[in-house]
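Here's a quick briefing to read alongside the structure. Have a look at it first, then work through the points below.

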Number of protein chains: 2
Amino acid sequence: MRHFHDMSDPSELQGEGIGLVQTATVRLYDQQPLVLESGVTLGPIDVAYETYGTLSPNRDNVILACHALSGGAHAAGWLAGATKPGWWDVFIGPGKALDTNRYFVVSSNVIGSCYGTTGPSSIDPSTGKPFGPRFPVVTVGDMVQVQARLLDSLGIDSLLAVIGGSMGGMQALQWPVQYPHRVRSVIAIATTSHHSAQQIAFNEVARQAIMADPAWNGGDYYEMEGPRLGLAVARMIGHITYLSDLGMAQKFGRRLRNREKFGYDFSLDFEVESYLRHQGESFVGRFDANSLLYMTKALDYFDLTNGGTRSLEEAFRGCPSRFLLITFSSDWLYPAYQLKEVAHAVRRNHGDATYCEIRSDYGHDAFLLEYREQTPIVVSFLERVHRSGRREHA
Amino acid sequence: MRHFHDMSDPSELQGEGIGLVQTATVRLYDQQPLVLESGVTLGPIDVAYETYGTLSPNRDNVILACHALSGGAHAAGWLAGATKPGWWDVFIGPGKALDTNRYFVVSSNVIGSCYGTTGPSSIDPSTGKPFGPRFPVVTVGDMVQVQARLLDSLGIDSLLAVIGGSMGGMQALQWPVQYPHRVRSVIAIATTSHHSAQQIAFNEVARQAIMADPAWNGGDYYEMEGPRLGLAVARMIGHITYLSDLGMAQKFGRRLRNREKFGYDFSLDFEVESYLRHQGESFVGRFDANSLLYMTKALDYFDLTNGGTRSLEEAFRGCPSRFLLITFSSDWLYPAYQLKEVAHAVRRNHGDATYCEIRSDYGHDAFLLEYREQTPIVVSFLERVHRSGRREHA
């Protein structure tokens, strides 16, 4: 699908885009604290969010877009002075997959992250200092609980769809299990119903890389430089898992960087090394190491079978939601078989599950890069869900 | 193939094994230094080696066994007081794949390693201190050159076979290119003719993990504790790549360690985390971080096409060696297509290449674990090569 990326900017092709946006913040749980899945209480909680499009009079056109590990509330449009748009701007806007001429899209930063919603780098009101390692462990279920409360505060009872890729896809799958009657459809992309041993293993090595850095300092580093080197290594591990063998070969091959022969030393030899170091270093400036620890743990804990005490079929039993499940052929971090299992579980309950495996060489990154392939699939699925809702209301 | 591991110890099934062995060391290049592929000279060089079996009168029964990244000269039998045998004891011995009743097996530690052969932790005679980062960069070609000199010193001109898996397999493939008339057959297992971008990427992250540890100290740490945490993270990354998704799921699943519920903290939750930390920590006590840096660079530089200036077919042109190439279905670190390419290149030269893909769930680790599957294949291949040599001599 490479030729797609040689084409013009889709916002040029598809009209103006969303234009300037602002991130709002709302304080929730200021009367009663949130009871986390672990039983620990936390509050108040600030939640950063953005909305795009117009809420319909009967409030039946709401789509909740859920971000992945390193994303935030700013999914589409441009913040003032920004040099690039939100992380899913190719997918959200007028005439795009989540068409803001028709739908009202809500995007919020998850609890535990570092982009405006309360997380380990936030100030603990009881001490006046950052939570750091005293922040309670959060789960995907906790992320979803906070999203539901945000929707309450916006006067939104029911979602036309919840959509997300990777960690965002886990939130999307968690929604119908946790709030079966608040979500009419689920679009889960490049994700899983439970982290496998290999997925846990990659996250664990990333965590170890951070915690091995003396500058992590047990998680209390906010008045110091912080675990810059450890966080960079953690991110490099992530980036290998986001690409495919073939995709890397096409992108870098064995090309040498800025020279014709090997250095015969430990400087940069190969372009792929330079790419990884750049990814690692640029992440350090924009992400909090503790948030990476907490959020990777949330991913590892994610398990809709509750440790095997119920089947996936049982997990989705009684959910009236329709499901669209999208995977990519070269995604070895979230292999296709994982969402295929979800499709089978939904169908065994006589539910409505559409499963699509898109051919791509981009590996896990395909969930963001192959937006043109996904757009017609998502558009027609949403159209079908939206129409069926209108009939029910009529 | 899991049931194999439930059976008795193969040394019981197959007789006595090799028994007690000793590692010898020979000093080479003490008159003239070695000229490395980079042009840098180095000498003298100590080489640690072991031999098993008896050299035949006409010296036509020699097999060189080449070790992988973390291996050494001690491939088979038992060192005095040891609690486990050499790393390939299941494969080398009386009645085993490399049958020491028939063959004379030589195993040596590669240059740049830390098990007795000169490497970065060795004393630089010009300073009286460890080389550390002043050790010259070495290549797989350099490893092979030193092995050839070791064989010279043992009075061995020609090899019946050179065999190895992973990094050992690269040495095996390098041999016929570098010394086409000294090697009658090549057995390369779970390896490649050149490192791909993904393979380079994993090695680069492992190196970054070591170099990010302040205790690495630019490579001069031999009078201090050294980069224990960084080396452990590097090894953990390696171990993920040695297993398969399915193999990990079978071995660990999502089983929790020593408790029934999540800890809701950052202690060990999953058995796979415990496994990885154990692998990381135990490696620290037995391996030198600088050796890992130098040897992973040698792997990344390995490229029989010389940066694409010749085809694989050209690389093997004029090599009279027969090739046995073995891959494993779930090995995603050295995927099967890489040795299939070698088989095709040899055959396009009208050479003799046997290619076997063994079904296994063990991932890259299969090259050591699936020894029973490999044994009959290797035995009949060696038999054929040995017999054809006898006919030529007759």
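Let's start with one helix: H8(A) is mostly covered, with 13 of its 13 residues buried. Keep in mind that this is a predicted model.

**Helix H8 of chain A**
- This helix runs through residues 289-301 of chain A.
- From its first C-alpha to its last it reaches 19 Å, close to the 18 Å expected at 1.5 Å a residue.

**Chain A as a whole**
- Chain A has 12 helices and 14 strands.
- Its radius of gyration is 21 Å, close to the 21 Å the globule rule gives for 394 residues, so chain A is as compact as a globular protein of that length.
- Of the 394 residues in chain A, 56% count as buried.
- Take the contacts in chain A with a separation of 6 or more: 71% of them come from residues 24 or more positions apart.

**How the two chains are related**
- The same surface serves both copies, as 100% of the contact residues of chain B recur in chain A.

**Where the chains touch**
- On chain B, 43 residues are in contact with 43 residues of chain A.
- Helices H4, H5, H6, H7 and H8 of chain B each give two or more residues to this side.
- H4(B) gives the most, with 9 residues.
- The residues on this side of chain B divide into 26 nonpolar, 8 polar and 9 charged.

Definitions and conventions
Residues are numbered from 1 along each chain as its sequence is written. Chains are lettered from A and ligands numbered from 1 in the order in which they are written. This is a predicted model: local features need pLDDT of at least 70, side-chain atom pairs count only at pLDDT 80 or more; totals for chains, interfaces and linings use all residues. Two residues are in contact if their C-beta atoms, placed from the backbone, lie within 7 Å. Helices (H or I, at least four residues) and strands (E, at least two) are DSSP runs, numbered from the N terminus. The expected span of a helix is 1.5 Å times one less than its number of residues. A residue is buried if 20 or more other C-beta atoms lie within 10 Å of its own, exposed if 12 or fewer, and partly exposed in between; C-beta atoms are placed from the backbone. Ala, Val, Leu, Ile, Met, Phe, Trp, Tyr, Cys and Pro count as nonpolar, Asp, Glu, Lys and Arg as charged, and the others, Gly among them, as polar. The radius of gyration is taken over C-alpha atoms; the globule rule is 2.2 Å times the number of residues to the power 0.38.
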